[in-house]
Amino acid sequence: MNRNQKEEGLADCGKALFDIYYIEVTLPYRTYAAVRRKYHTHTRQRRTIMQTILVCDDDKEIVDAIDIYLTGEGFHILKAYDGYDALKILETEHADLMIIDVMMPGLDGIRTTLKVRETSSIPIIILSAKSEDSDKILGLNIGADDYLSK
């Protein structure tokens, strides 16, 4: 068996390694880090797996701005404008990350995060105009992975 056959055999076994790269995405007034994963097999062949990010905010301009920046970096964006829309999207679509605002009409970001945590361990970043420590503590205690002020 030659070397190429051995490498193909390893690839056929389905062994894979994941590299995590942090890409800084510049949004208005702040720089946020997003995660992109690259997949490669033992044959050292690389291909990008497109990550899907759910963005939930009642301000359509903010959602569109985030969409422009993250799409430019190679991410697939799902848009929701309130908590109910976000929950419906998560029932039908797969998302690798959720960015959510706290203050929204209907189901707010806090209650939406609680509902998502009942069924999923998706990473959640709260992006909010509320910047007091008590708001950040509440967001992190209910299950958010990070809390960023706008």
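Tutor: Before we start, contact here means heavy atoms within 4.5 Å of each other. The model is predicted, so local features need pLDDT of at least 70 and side-chain atom pairs count only at pLDDT 80 or more, while totals for chains, interfaces and linings use all residues. Residues are numbered from 1 along each chain as its sequence is written, and side-chain values use heavy atoms, with hydrogens and water left out.

Student: Which residues is D67 in contact with, leaving aside its neighbours within four places in sequence?

Tutor: With those neighbours set aside, D67 touches I77 and K79.

Student: Why does D67 count as buried?

Tutor: Buried means under 20% relative accessible area, exposed means over 50%, and partly exposed lies in between (1.4 Å probe, protein chains only). D67 has 18% relative accessibility, and therefore it counts as buried.

Student: Why is L90 called partly exposed?

Tutor: The value for L90 is 23% relative accessibility, so L90 counts as partly exposed. Beyond its neighbours within four places in sequence, L90 has contacts that include V116 and I122.

Student: What makes α3 and α4 roughly parallel?

Tutor: Angles under 35 degrees count as roughly parallel, over 145 as roughly antiparallel, 65 to 115 as roughly perpendicular and the rest as oblique. Helix α3 (residues 83-92) and helix α4 (residues 109-119) pack at about 20°, with their axes 9 Å apart, and α3 and α4 are therefore roughly parallel to each other.

Student: Which residues meet where α3 packs with α4?

Tutor: From α3 there are G83, A86, L87 and L90, and they meet T112, K115 and V116 in α4.

Notes:
Axes are lines fitted to C-alpha atoms, for helices over the stretch in contact, and angles run from 0 to 180 degrees between N-to-C directions. Helices (H or I, at least four residues) and strands (E, at least two) are DSSP runs, numbered from the N terminus.
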